[in-house]
Amino acid sequence: MSLKSFLSVAMLAIAGNLPAQTLDTRIACTQTQKEDGDGERLIFSDQARIQLNGTQVTEFQWESSVFRSNRGHECSVDTEDGLEAELTEKGWRLQLKDASAARLKRGYDFDRGFQCSIRLEREGDALHIKPSCPTMCGSRKNFSALTVDTKTGSCTYDQ
């Protein structure tokens, strides 16, 4: 057996022993908080549909909003924006293939930059969603960071 054949068989054996990294979940979260200072009420609202199979993004839609008494801001990203998935130790890191094109398609100005990274990290039944994606937010700085219990659907917003 050649070295190349041996390595191919060894890689298949190793890959066969690794658990498949898949995620199939829906998220619907809303929470009211008081903002520091004048005590203005903030309403956080997030809805998402996420299906990942390894590094394949099968479906991804996320709308993240913050409402104040006199205005609201939202961020959104979906599969059509050109998301790429990378496996990490704890889950996934999602990025846009072409962040500037995705931002331009939405009609946003260029003052938020062209960065977009969303980490999805599992810890038991908890799914930690850690965004750094100002590119897909019009006048808002970023998506909401939150943790979702994938069994109960309960949410906690990270501050």
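Here is a chat about how some labels on this predicted model come about.

Me: Let's start with the cysteines. What makes C29 and C155 a disulfide?

Reply: Their sulfur atoms are 1.8 Å apart, and the cut-off is within 2.5 Å, so the pair counts as a disulfide. C29 lies in strand β1 and C155 in strand β10 (residues 155–157), so the bond ties together parts that are 126 residues apart in sequence.

Me: And what is the handedness of that link?

Reply: The link of C29 and C155 is left-handed, with -60° about the S-S bond.

Me: Why is C29 called buried while C155 is called partly exposed?

Reply: Buried means under 20% relative accessible area. C29 has 2% relative accessibility, so C29 counts as buried. C155 comes in at 23%, which falls between the 20% and 50% limits, so the label is partly exposed.

Me: What makes C75 and C137 buried?

Reply: C75 has 0% relative accessibility, and C137 has 0% as well. Under 20% is called buried, so both get that label.

Me: Why is the disulfide of C116 and C133 called left-handed?

Reply: The torsion about the S-S bond is about -90°, so the disulfide of C116 and C133 is left-handed. The pair links distant parts of the chain, with C116 in the loop between α2 (99–105) and β7 (117–123) and C133 in the loop between β8 and β9, 17 residues apart. The S to S distance is 2.0 Å, and both C116 and C133 are buried.

Me: How many disulfides does that make, and what pattern do they follow?

Reply: The count comes to three disulfides. Counting bonded cysteines along the chain, the pattern is 1-6, 2-5, 3-4.

Me: On to the rings. Why is the pair of F44 and Y157 called tilted?

Reply: The ring centres are 5.3 Å apart, and a pair needs centres within 6.5 Å, so F44 and Y157 qualify. The planes sit at 35°; under 30 degrees would be stacked and over 60 edge-to-face, so this pair is tilted. It links distant parts of the chain: F44 is in strand β2 and Y157 in strand β10, 113 residues apart.

Me: Are F44 and Y157 buried or exposed, and how many aromatic pairs are there?

Reply: Both F44 and Y157 are buried, and the count is two aromatic pairs.

Me: Last one: why is E40 called buried?

Reply: E40 has 16% relative accessibility, and the limit is under 20%, so E40 counts as buried. E40 is found in the loop between β1 (22–34) and β2 (41–53).

Me: Which residues does E40 touch beyond four places away in sequence?

Reply: E40 touches Q33, K34, E35, R68, S69 and N70. Of these, R68 is 28 residues from E40 in sequence, with 7.3 Å between the two C-alpha atoms.

Note on methods:
Residues are numbered from 1 along each chain as its sequence is written. This is a predicted model: local features need pLDDT of at least 70, side-chain atom pairs count only at pLDDT 80 or more; totals for chains, interfaces and linings use all residues. Side-chain values use heavy atoms; hydrogens and water are left out. Helices (H or I, at least four residues) and strands (E, at least two) are DSSP runs, numbered from the N terminus. Buried means under 20% relative accessible area, exposed over 50%, partly exposed in between (1.4 Å probe, protein chains only). Contact means heavy atoms within 4.5 Å. Rings of Phe, Tyr and Trp (its six-membered ring) pair if their centres lie within 6.5 Å; planes under 30 degrees apart count as stacked, over 60 as edge-to-face and the rest as tilted.
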